[in-house]
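Biologist: I'd like to learn how to read a few features here. Can you walk me through them?

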Amino acid sequence: MIFIVDLLLMLIDLTYSILTAIVQTFLRPRLKCIDGELCLITGAGGALGRLFALEFAKEGARLVLWDCDAAANEQTAKLARETGAEVHAYTVDLSKRQSIYETAGRVRAEVGDISILVNNAGVVAGRRLLDCPDELLERTLLVNCHALFWMTKAFLPQMKAKNHGHIVTIASALGLFSTACVEDYCASKFGAVGFHESLTHELLAEDLDGIKTTLVCPYIVDTGMFAGCEIRKELKNLIPPLQPLYTVQQSMKAILAEQQMICIPRLMYIPSFMKQNVLLPWEANVATYRFMGGDKCMLPFIKNVEMKTSNGHIKSS
């Protein structure tokens with residue numbers, strides 16, 4: 001009897017969720033006020049991080065900016081302060097767990113408890129797997145995936161104590177479906193998506209409805225991180241690289257609407273849905289993938305990296 005009741009309640013919740021999603025597609029959702037909230041953004045010295053900082057500043061948030069590049073981070077801080085925002089900048093190496101924990105302690109002592117955490121930082125090695133030094137592969141996983149664990153462990157306890165907060169994970173469409181020659185990046189972003197989803201389920205299971213989560217999965221953003229990457233030329237106008245400002249503005253709408261997930265552009269939901277739900281056999285997915293040029297889209301990017309540097313990473317969005 002209990003099973004039947006739970007099944008009926010599940011079906012009601014399922015129907016309600018689907019109808020709500022349909023309505024929200026056509027109606028502008030109500031956006032929450034974050035004036036005075038303390039927002040931490042990682043990778044704040046990069047293109048997307050800087051734009052996120054400025055957008056959160058416009059909404060009245062107080063900012064804590066983290067980046068391993070002190071000069072770039074301070075430039076972001078300067079621009080945000082010019083809007084009238086309160087800004088605190090910290091130099092942090094997200095590939096080092098101890099650096100995260102020590103800086104998090106400083107933030108709590110010097111500024112206060114974080115209520116909005118935007119995990120934006122990311123890197124990619126830009127090398128073929130067999131040509132890539134192990135330390136570059138490890139750094140991609142450490143920054144893009146492992147750091148999410150340490151950041152969350154550092155700041156979630158205070159959110160739980162107040163049942164108030166918002167955790168944002170800037171992942172990638174390549175965390176939902178993969179492409180060739182960027183195994184490190186795809187693995188790290190698949191990990192980021194899995195981490196975020198599991199964390200969301202945990203918060204729901206603990207009835208911590210005051211802590212929101214938003215997963216952002218954009219297509220390639222024109223920040224220079226994947227410079228040279230391109231799909232089949234006949235399809236480039238249909239799916240061009242995203243402009244950074246558009247990407248951030250769409251992400252902000254989702255965050256302020258407390259939307260749990262957003263793919264940018266919406267077209268990215270289609271390949272994700274097809275793959276996750278196994279609507280097509282593997283061979284059919286591969287045929288579609290090759291038709292679009294997905295099997296070779298990263299080769300020009302890798303060539304660019306090889307020409308530019310012999311030892312470095314491409315800075316994150």
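Biologist: How do the axes of helix α4 and helix α5 cross?

Modeller: First, this is a predicted model: local features need pLDDT of at least 70, side-chain atom pairs count only at pLDDT 80 or more, and totals for chains, interfaces and linings use all residues. Residues are numbered from 1 along each chain as its sequence is written, and side-chain values use heavy atoms, leaving out hydrogens and water. Helices (H or I, at least four residues) and strands (E, at least two) are DSSP runs numbered from the N terminus. Axes are lines fitted to C-alpha atoms, for helices over the stretch in contact, with angles from 0 to 180 degrees between N-to-C directions. For α4 (residues 97-110) and α5 (residues 134-162), the axes come within 9 Å and cross at roughly 25°. Angles under 35 degrees count as roughly parallel, so α4 and α5 are roughly parallel to each other.

Biologist: Which strand does β2 join, and how many bridges are there?

Modeller: Two strands pair if DSSP finds at least two bridges between them. Here β2 (residues 62-67) runs parallel to β3 (residues 87-91), with 5 bridges joining them. Leu65, for instance, has Ala89 in β3 as its bridge partner.

Biologist: And how many disulfides are counted?

Modeller: A disulfide is a covalent bond between the sulfur atoms of two cysteines. The rule asks for a pair of cysteine sulfur atoms within 2.5 Å, and the count is 0.

Biologist: Is Cys132 buried or exposed?

Modeller: Buried means under 20% relative accessible area, exposed over 50%, and partly exposed in between (1.4 Å probe, protein chains only). Cys132 has 6%, so Cys132 is buried, while Cys33, at 63%, counts as exposed.

How values were computed: Angles under 35 degrees count as roughly parallel, over 145 as roughly antiparallel, 65 to 115 as roughly perpendicular and the rest as oblique.
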